[in-house]
Amino acid sequence: PVPSENTINISSLKEIKEIKIYDILGKIILTLKGYDINSFSVNSLKPGVYLVKLFSEDSSENHRIIKK
């Protein structure tokens, strides 16, 4: 994953309906819900590695991000 300081952009063939961000221990840090979410701010996160779970209508994907 590429480190980010401000914003994470999402490119997906499916509409993202919900995003959950977890810390390294598995605790939910942030939940975003909406219609076709394609970016989100990481300004409020402390530097570190996070797991991002993207939810579409019929599936989910896991990704890691690094906050600088």
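A cavity is a set of grid points where a 1.4 Å probe fits but cannot get out. Keep that picture in mind as we look around this predicted model.

**The space inside**

How many cavities of 30 Å³ or more does the structure hold? There is one, and the volume of the largest cavity is about 50 Å³.

**A patch on the surface**

Ile24, Leu25 and Val49 together make a nonpolar surface patch of about 350 Å². Two of its members are worth a visit. Valine 49 sits in strand E6, which covers residues 48–55. Isoleucine 24, in turn, lies in the loop between strand E3 (18–22) and strand E4 (28–33).

Is valine 49 buried, partly exposed or exposed? Its relative accessible area is 35%, so it is partly exposed, because that class runs between the cut-offs of 20% and 50%. Isoleucine 24 reaches 70% relative accessibility and therefore counts as exposed.

| Residue | Relative accessible area | Class |
|---|---|---|
| Valine 49 | 35% | partly exposed |
| Isoleucine 24 | 70% | exposed |

**Across the chain**

Isoleucine 24 has one more thing to show us. Along the chain, isoleucine 24 and arginine 64 are 40 residues apart, and their C-alpha atoms are separated by 9.9 Å.

Note on methods: Residues are numbered from 1 along each chain as its sequence is written. This is a predicted model: local features need pLDDT of at least 70, side-chain atom pairs count only at pLDDT 80 or more; totals for chains, interfaces and linings use all residues. Side-chain values use heavy atoms; hydrogens and water are left out. On a 1 Å grid over the protein atoms alone, a cavity is a set of points where a 1.4 Å probe fits but cannot get out, and a pocket is an open set with protein on both sides within 12 Å along at least five of seven lines; lining residues have an atom within 4 Å of a point. Grid points are joined across faces, edges and corners, and a volume is the space filled by probe spheres set on the points. Patches are made of residues with over 30% relative accessible area and no salt bridge: like charges are joined within 9 Å, nonpolar side chains (Val, Leu, Ile, Met, Phe, Trp, Tyr) within 5 Å. Accessible areas come from the Shrake-Rupley method with a 1.4 Å probe; for residues, only the protein chains shown count as cover. A salt bridge is a side-chain nitrogen of Lys or Arg within 4 Å of a carboxyl oxygen of Asp or Glu. Helices (H or I, at least four residues) and strands (E, at least two) are DSSP runs, numbered from the N terminus. Buried means under 20% relative accessible area, exposed over 50%, partly exposed in between (1.4 Å probe, protein chains only).
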